[in-house]
Every structure is written in C-alpha cells, then in structure tokens.
Amino acid sequence: MQKPVVLLAEELSPATVDALGPDFEIRQTDGADRSRLLGALADVDAILVRSATQVDAEAIAAAPNLKVIARAGVGLDNVDIKAATQAGVMVVNAPTSNIISAAELTVGHILSLARHIPQASGALKGGEWKRSKYSGTELYEKKIGIIGLGRIGALVAARLQGFGTDILAYDPYVTSARAAQLGVQLVTLDELYAESDFITIHMPKTPETVGMLGAAAFQKMKSSAYVVNVARGGLVDEEALYTALKEGQIAGAGVDVFVKEPSTDLPFFDMDNVVVTPHLGASTAEAQEKAGISVAKSVRLALAGELVPDAVNVAGGVIAPDVRPGIPLMEKLGRIFTALTHDSLTQIEVEVAGEIASLDVKALELAALKGVFTDVVSEQVSYVNAPVLAEQRGINTRLVTTDQSDEYRNVLTIRGALSDGSQISVAGTLTGPKQIQKLVGVNGYDLEIPISEHLVVILYQDRPGVIGTLGRVLGEHGINIAGMQVARNKEGGQALSLLTVDSSVPQEVLESLKEAIGASVAREVDLQD
C-alpha cells in the first residue's frame with residue numbers, strides 16, 4: 001500500500017519529522033521557488049510550510065490529492081484559507097506554539113523600557129559611559145495595565161506579578177471571578193489608561209481594535225506611562241504614537257509588530273525612548289520546535305480522518321453529512337452573538353432543534369464556541385481550544401438538543417447569560433436546496449434574513465421615521481442597504497432592525513446612526529472570510 005505523501009516546503013526541525021512518524025513518504029522542496037513548489041505538488045497529500053511559501057489558489061489547484069495544509073506557526077497570511085475550504089482542504093496551524101515566547105518578549109520590552117537596557121548597551125558599545133542618563137525605574141509596586149486577558153495576557157500577568165506589581169486589566173469577555181483567579185483587577189479602559197505605569201495590549205485585530213491605542217487613548221495616559229505592543233500591527237496608531245512621544249504625552253514605547261512589515265524607517269525609530277524589535281514574538285527555538293511538532297501531529301490526525309484540534313477552516317473527524325452544513329452557520333451565529341454582548345459572559349447554551357438533533361452534533365457546539373471567541377481573543381481559535389477559552393474565562397457551556405422545531409426543519413440557537421443579569425440569543429437555519437444561511441431570531445425577536453458578509457444590528461425605541469433616518473444616514477456615507485428586517489416586542493416598545501449592507505460600515509458611521517435615532521445598540525458584524 002502506498003504511503004501518503006507529505007511535502008516539507010521549508011526547513012523544519014528534525015523533531016517535526018520524528019513527530020510525523022514512519023507512516024508517510026516525506027519529500028522536501030524549496031517552497032520559496034515558485035516553479036519548484038508547483039512542480040512538487042502533483043501527488044502530495046499534505047504540505048507543511050512556515051511563512052516563506054505562498055499556498056494560494058494556484059498552488060492548491062496544482063495539488064489534486066491535497067488534504068491538509070499545515071503552517072508551522074500562528075499566522076496564516078501566506079495560506080488562502082477560502083480557496084482551501086472550497087477545495088475541501090483542511091488548514092491547520094500551531095496557535096499556542098508561541099504564547100510563552102510572546103509573553104516573555106512582552107516582559108522583556110517592559111524591562112527594557114524601565115531600565116533603558118538597549119539604549120545603555122548601544123551607548124556603552126559606542127564608547128560612552130553614561131550612568132546618569134540611563135537611570136531607570138523599578139517595576140516594584142508599579143501598575144501594569146493589560147488590554148486583553150487571553151492566554152498571552154494571562155501569562156504576562158503571571159510573570160509580572162513576580163516583580164511585585166499591581167495588575168489592572170480590561171477585557172469585556174472575562175468575568176470578575178476569572179480575573180480574581182489570575183490575581184488581576186478588572187477596570188474600565190479609561191481607568192486603565194489613567195492609572196497604569198506600563199500598558200501592554202493583547203487584543204485580536206478587528207475593525208474595532210485597529211488604532212485602539214490612538215490619539216484619544218494617549219491623551220488619557222500618564223506622561224510617565226510606557227506602551228508595549230507585541231500582539232498585532234495596527235492595534236497602535238503609529239502616527240499618533242509618534243506624536244504622543246514627540247509631545248511628551250507618554251514616556252516611551254516598545255513595539256514588535258507594525259502595520260507594514262518589514263518596517264525599517266518609521267519616524268519613532270530614531271527616538272531614544274523607544275525600543276523596537278523586528279516581529280520576534282515567535283522567534284525562539286522552543287516556539288519553532290513546538291510549532292513543527294504541533295502541526296505534524298495535526299497532519300497525522302487529518303490524514304487519519306480524525307478530529308483535528310487546530311483545524312482553522314473545518315472541524316475534521318467523522319461528522320454526519322446532515323450536520324456538516326451547520327458548522328459554518330454556527331460559527332457565523334457565534335460571531336453575531338459576540339457582537340451583541342455588552343458585558344462579560346457567564347454562561348453559553350447551544351441548542352440544536354429539529355431533525356438533526358438525533359445525530360452527533362457535538363461539532364456544532366464547538367463551531368458555536370469558535371465563532372463566539374474568534375473576534376475577542378488575540379490567539380487563533382480552533383474547534384478544540386474554544387472550550388478551553390470558555391473555561392479560562394469562567395463561562396459555563398452546555399449543549400441542548402430537541403427534535404421539536406415548529407417553523408423550520410432545523411434551528412440552531414446560541415443563548416448567553418451576562419454578568420449584569422441580562423440574556424442574549426441568536427438563532428439561524430439553513431433553507432432550500434442550496435442550504436441558504438438565514439438568521440431567524442435575535443434576542444427573542446422573530447425575523448428571517450439571509451446572512452451576508454456585512455450585517456448591522458440596531459436596537460432602539462419603536463417610533464415613526466426611524467427607518468427613513470437609517471436609510472438617509474447610510475446613503476449620505478455611500479453605504480447601500482441590500483436587505484432589512486424590523487421586529488419589535490410591542491408597538492412603541494423596543495425594536496430591532498437588522499440590515500444587510502454591501503460594504504463595511506465605519507465605526508464613526510455607526511456612531512452617527514446611534515445618535516440620529518437614539519439607539520442603545522448600533523453594531524456591525526463583519527463576516528468576511
């Protein structure tokens with residue numbers, strides 16, 4: 001029997017090959033050489049890459065036997081996930097391989113800023129002995145502000161507590177009970193800005209978080225505060241950072257990631273109170289080896305047809321054909337659910353109602369949790385680490401099934417309880433021969449609207465003229481409404497408008513909508529792949 005072919009397109013550690021084991025034919029090529037890569041893909045079952053190999057639609061089309069693409073690292077910028085999914089190819093990565101390395105680099109930046117280590121080293125190597133110029137500050141009893149208390153944020157908190165610091169954190173998706181377990185005080189974002197001596201950000205990169213640390217944020221910080229970004233380029237507004245440093249609004253910054261990479265000539269690179277590194281978060285021997293071993297194990301699972309913990313685009317494993325179409329729908333419902341939350345979650349209930357309830361629908365619960373956390377944590381969310389993320393945040397989860405579904409063959413619902421006592425819910429279904437994904441319920445409001453790439457959810461007090469105002473404001477900003485549904489609990493009561501639009505709605509436009517009609521909620525859910 002012929003062994004499955006695994007192609008190593010870049011240099012990987014011997015431990016990676018050992019983790020693959022003897023059951024595969026291992027081949028090697030230079031993935032950066034396009035012609036060699038395309039020529040080597042004809043009969044491979046799996047390909048392992050790092051960052052230099054572009055696995056795009058052309059490469060996937062050249063590999064008719066391809067079943068899995070494995071990226072030995074966290075980022076997936078060099079893999080066309082949409083093309084892989086359309087071709088039925090699983091994409092896996094190593095989402096936790098670098099978390100310790102990233103946390104330690106964060107602490108390294110904080111220490112470098114506190115004690116001016118790189119600058120003092122450079123001066124001394126240049127023949128200058130300047131002890132007084134590089135007098136620093138202790139971390140002891142200082143306040144460290146952590147924005148985003150996911151895996152890396154929690155690791156940073158644990159390490160800095162050893163210095164006798166007070167840890168403040170902002171994360172709307174972490175409960176106070178979980179924060180207490182970590183020895184962290186949850187505060188508002190404004191309180192964190194005002195009180196922290198060092199601020200480090202560990203948020204995912206979304207339309208809402210791009211430029212999160214910008215001019216308005218810097219103005220709220222102490223003039224003695226330092227800012228660190230080892231998470232994602234773009235979370236810090238680079239132009240605003242330069243201005244804040246130049247005008248003395250903050251004391252300094254440590255930056256490892258940038259909007260455009262490589263970057264070698266940004267204006268703040270010449271400043272003596274800035275420490276920069278060339279995206280070194282995962283650049284340790286340990287992280288690289290963990291990544292290689294992790295994806296090798298995933299390749300073994302994928303080629304054996306088993307559930308793959310770090311699958312990015314599909315759940316893998318043996319899933320009933322009638323259940324599988326619900327997986328992408330459930331992920332989207334999870335992202336819509338998250339967009340509606342306004343406080344930390346304490347409980348998530350996933351309900352599967354209808355004909356498929358008698359089947360094994362565990363994958364739908366995993367898909368729901370994956371969707372819930374996709375836009376709120378900085379690490380890559382997979383079908384297996386999603387329950388861990390819920391557990392880490394003190395969120396109870398449960399799966400409920402029932403064969404009763406009155407209006408549709410099957411209905412998938414996510415319900416959540418928030419720490420302020422309120423509840424939220426979203427429900428969806430698949431209709432027709434083409435299995436069109438539809439949203440059929442939001443917070444108890446009945447509706448039916450196809451799920452599109454851009455959804456806008458608006459809650460407001462029911463009254464005449466609101467719909468016209470919504471159309472006018474969006475029209476003034478060149479945003480076309482593709483579809484709209486309005487539901488209300490009673491005449492003159494609370495109303496919900498759900499709009500599908502042709503393009504993304506900027507945050508300032510959402511604020512204008514909110515102000516124009518006095519809405520309590522005006523949010524976009526961006527569901528682009």
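Visitor: Let's start with helix α11. What covers its buried residues?

Guide: The cover includes α10 (215–219), β11 (252–255) and β12 (274–276). Keep in mind that this is a predicted model.

Visitor: Which residues of α11 are buried?

Guide: In α11, which spans residues 238–246, the buried ones are Glu238, Ala240, Leu241, Ala244 and Leu245. Looking down the axis of α11, these buried residues fall within an arc of 155°, so they line one face of the helix. Glu239 and Lys246 are exposed on the other side of α11.

Visitor: Why do residues three or four places apart in an α-helix point the same way?

Guide: An α-helix has 3.6 residues a turn, so such residues point the same way.

Visitor: What happens at the start of α11, and what just after α11?

Guide: At the start, a side-chain oxygen of aspartate 237 comes to within 3.1 Å of the backbone nitrogen of glutamate 239. A polar contact is a pair of N or O atoms within 3.5 Å. Just after α11, glycine 248 has a positive phi of about 75°.

Visitor: Why is threonine 338 called buried?

Guide: Buried means under 20% relative accessible area. Threonine 338 has 6%, so the name applies. This threonine 338 lies in helix α13 (residues 326–340). With neighbours within four places in sequence left aside, threonine 338 is in contact with Tyr173, Gly371, Val372 and Val376.

Visitor: And asparagine 396: buried or exposed?

Guide: The cut-off for exposed is over 50%. Asparagine 396 has a relative accessible area of 52%, so it is exposed. Asparagine 396 belongs to strand β14 and, leaving aside its neighbours within four places in sequence, is in contact with Thr346, Gln347 and Ile348. Asparagine 396 is also the bridge partner, in β14, of glutamine 347.

Visitor: What makes strand β13 largely enclosed by the rest of the structure?

Guide: Of the 10 residues of β13 (residues 345–354), 8 are buried, so the strand is largely enclosed.

Visitor: How do you know that β13 pairs with β14 and with β15?

Guide: Bridges again. With β14 (residues 396–402), β13 pairs in the parallel sense over 7 bridges. With β15 (residues 410–418), β13 runs antiparallel and is joined by 9 bridges. The criterion is at least two bridges, so both count as pairs. Valine 352 stands opposite leucine 412 in β15.

Visitor: Last one: which domains is the protein chain divided into?

Guide: The division gives domain 1 (5–94 + 285–304), domain 2 (98–276), domain 3 (317–433) and domain 4 (452–528). The centres of domain 2 and domain 4, taken over C-alpha atoms, are separated by 36 Å.

Technical notes: Residues are numbered from 1 along each chain as its sequence is written. This is a predicted model: local features need pLDDT of at least 70, side-chain atom pairs count only at pLDDT 80 or more; totals for chains, interfaces and linings use all residues. Side-chain values use heavy atoms; hydrogens and water are left out. Buried means under 20% relative accessible area, exposed over 50%, partly exposed in between (1.4 Å probe, protein chains only). Helices (H or I, at least four residues) and strands (E, at least two) are DSSP runs, numbered from the N terminus. The arc is that of the directions from the helix axis to the C-beta atoms. Contact means heavy atoms within 4.5 Å. A polar contact is a pair of N or O atoms within 3.5 Å; within protein, one must be able to donate a hydrogen and the other to accept it, and residues adjacent in sequence count only if both atoms are side-chain atoms. Domain bounds come from an automatic or database domain assignment.
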